[in-house]
Amino acid sequence: MKFTTFATSAFLFASSTANAFTISPAGQQTSILSKNANTHLHLSAATTENTSSSNQNDASSTTKDPLLIRAARGEEVERTPVWMMRQAGRHIAEYRELCKKWPTFRERSEIPEVAVEVSLQPWRNYKTDGCIFFSDILTPLPGMGVEFDISEKVGPVVEPMRDWDSVKKMHLIDPSTAAPFTGEVLRTLRQEVGPETAVLGFVGCPYTLATYLVEGKTSKEYLEIKKMMFSEPDLLHAILKNLADSIAEYALYQIESGAQLIQIFDSWAGHLSARDYDTFAAPYQKIILDKIKEKYPTVPTVVYIKHSGALVERMAATGVDVVSLDWTVDMAEGRERINAGRKAAGIEGPGGVQGNLDPGVLFGSQETIKERAEEILRKAGPRGHVMNLGHGIEAATSEENAAFFIETVRNFRH
């Protein structure tokens, strides 16, 4: 699979009782009290120190890596690991209660103790094999010179970027300065969850981030970015290159702070034709993936795109370790297509797969959940599979059914 790249002259994202945090005049968060008996949210001096990747992500360590990490690497495992995209958030009653105290998304994701608590809720409640830190793909944008807000009703809002003057305001991120709370959250999670659970990091991919920058908000048709794509492609490539360089730095910072796997989300690339995916999405995904592998070759990477049925081979051809399938792709066929995509690109090994239960199934009976989940597990096989949903869990999903799904997977044996 050959991807087209273009040179440009451009410049370079509290428990449920939510009772006890204050923000000092200097803007520092201070923990006063947490009544949650299940987790300790005090951030010790050891937590706030930078933890080197050589200590937390050294493949030569004598400590056995978490199940999920071993599965993502394609190693033989005792059972299939499981977690859920968007597992931390609105479907959990504790989270909805916490929102009364911390009403804005940026508060909940950027105050370290609150973000830690939200991240831990599904791990405590469901015993997931992965604990993904609570954040948003837009979080690093201010560190690149792009301000944003998240409206509870509208979603992300960004001043539209549609000319060269606005692109010239972008700059390379310094993650430790722009998003120190991300590092603090990840370091704390590594201490809280213990060695059996994988701490998961994630970033948004350049094309998907660019849709927000160019459109100014969430879109259904993506007409503004497509206008730029076909009328001023150099301008769009400049935006994408700037984003790729900064997002790669942000991903490395997450690993150095304790993330043991990085999932890259190019959620809206599923709206692209195959040709445009090869031109405007895949090359910039690959910049991020290559920089991760260059510095941390043993850290697994995962890519997810919604409505990606037409792009599976192309996703695999980027060299990502694991392709996360959405629910529209049959698992057995998906595995074959991943293998074919890697082979066509000259990449050795079969590659891993994640997913892909339709989130809607969790609204069905437990008998249906069990039957559908076990069908996917059988089709995926015993190796190189991380069980997940085919998209994020819906806010109206019952916690009982979410727990049953996780339990079903944990109890399954090939």
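Tyrosine 222 lies in the loop between α10 (206-215) and α11 (223-231), where helices (H or I, at least four residues) and strands (E, at least two) are DSSP runs numbered from the N terminus. Its phi is near 55°, a positive value in a residue other than glycine. Tyrosine 222 is buried, with a relative accessible area of 3%; buried means under 20% relative accessible area, exposed over 50%, and partly exposed in between, with a 1.4 Å probe and protein chains only.

The model is predicted, so local features need pLDDT of at least 70 and side-chain atom pairs count only at pLDDT 80 or more, while totals for chains, interfaces and linings use all residues. Residues are numbered from 1 along each chain as its sequence is written, and side-chain values use heavy atoms, with hydrogens and water left out.

**Backbone geometry**

- Most residues other than glycine have a negative phi, and most peptide bonds are trans.
- Histidine 307 has a positive phi, near 55°, in a residue other than glycine.
- Histidine 307 belongs to the loop between β8 and α15 (312-316), and at 41% relative accessibility it counts as partly exposed.
- Glycine 355 and asparagine 356 are joined by a cis peptide bond, with omega about 0°.
- Asparagine 356 is found in the loop between β10 (352-354) and α17 (366-380).

**The open sheet**

- Seven strands form an open sheet in the order β3-β6-β7-β8-β9-β10-β11, with parallel pairing; two strands pair if DSSP finds at least two bridges between them.
- β3 (130-132) and β11 (385-386) stand at the edges with a single partner strand each, so one side of each has no neighbour in the sheet.
- Helix α9 (residues 180-193) packs on the sheet and touches β3 and β6 (198-204), contact meaning heavy atoms within 4.5 Å.
- The direction of α9 makes about 155° with that of β6; axes are lines fitted to C-alpha atoms, for helices over the stretch in contact, and angles run from 0 to 180 degrees between N-to-C directions.
- Strand β8 (residues 301-304) pairs with strand β9 (residues 322-324) in the parallel sense over three bridges, and tyrosine 304 stands opposite serine 324 in β9.

**The β4-β5 hairpin**

- β4 and β5 form a hairpin with three residues between them.
- The two strands, β4 and β5, run antiparallel and are joined by four bridges, with isoleucine 150 opposite proline 156 in β5.
- In a regular strand the side chains alternate between the two faces of the sheet.
- Phe148 and Ile150 make up the covered face of β4, whereas Asp149 and Ser151 make up the uncovered one.

- α11 packs against helix α12 (residues 233-257) at an angle of about 115°, with the axes 5 Å apart.
- On the α11 side the contact is made by Ile225, Met228, Met229, Phe230 and Ser231, and on the α12 side by Pro233, Leu235, Leu236 and Ile239.
- The residues of this contact divide into eight nonpolar, one polar and no charged; Ala, Val, Leu, Ile, Met, Phe, Trp, Tyr, Cys and Pro count as nonpolar, Asp, Glu, Lys and Arg as charged, and the others, Gly among them, as polar.
- Arginine 372, in helix α17, is partly exposed, with a relative accessible area of 39%.
- Not counting residues up to four places away in sequence, arginine 372 touches Leu357 and Val361.
- Arginine 372 and aspartate 358 are 14 residues apart in sequence and 9.0 Å apart in space, C-alpha to C-alpha.

**Pockets**

- On a 1 Å grid over the protein atoms alone, a pocket is an open set of points where a 1.4 Å probe fits, with protein on both sides within 12 Å along at least five of seven lines, and lining residues have an atom within 4 Å of a point.
- The largest pocket has a volume of about 1400 Å³, a volume being the space filled by probe spheres set on the grid points, which are joined across faces, edges and corners.
- The largest pocket is lined by 43 residues, of which Arg86, Arg90, Phe105, Ser135 and Asp136 are the closest to its centre.
- The lining of the largest pocket has 22 nonpolar, twelve polar and nine charged residues.
- The second largest pocket holds about 270 Å³ of space, and of its 20 lining residues the closest to its centre are Ala72, Arg73, Gly74, Gly351 and Gly352.
- α16 gives the largest share of the lining of the second largest pocket, three residues.
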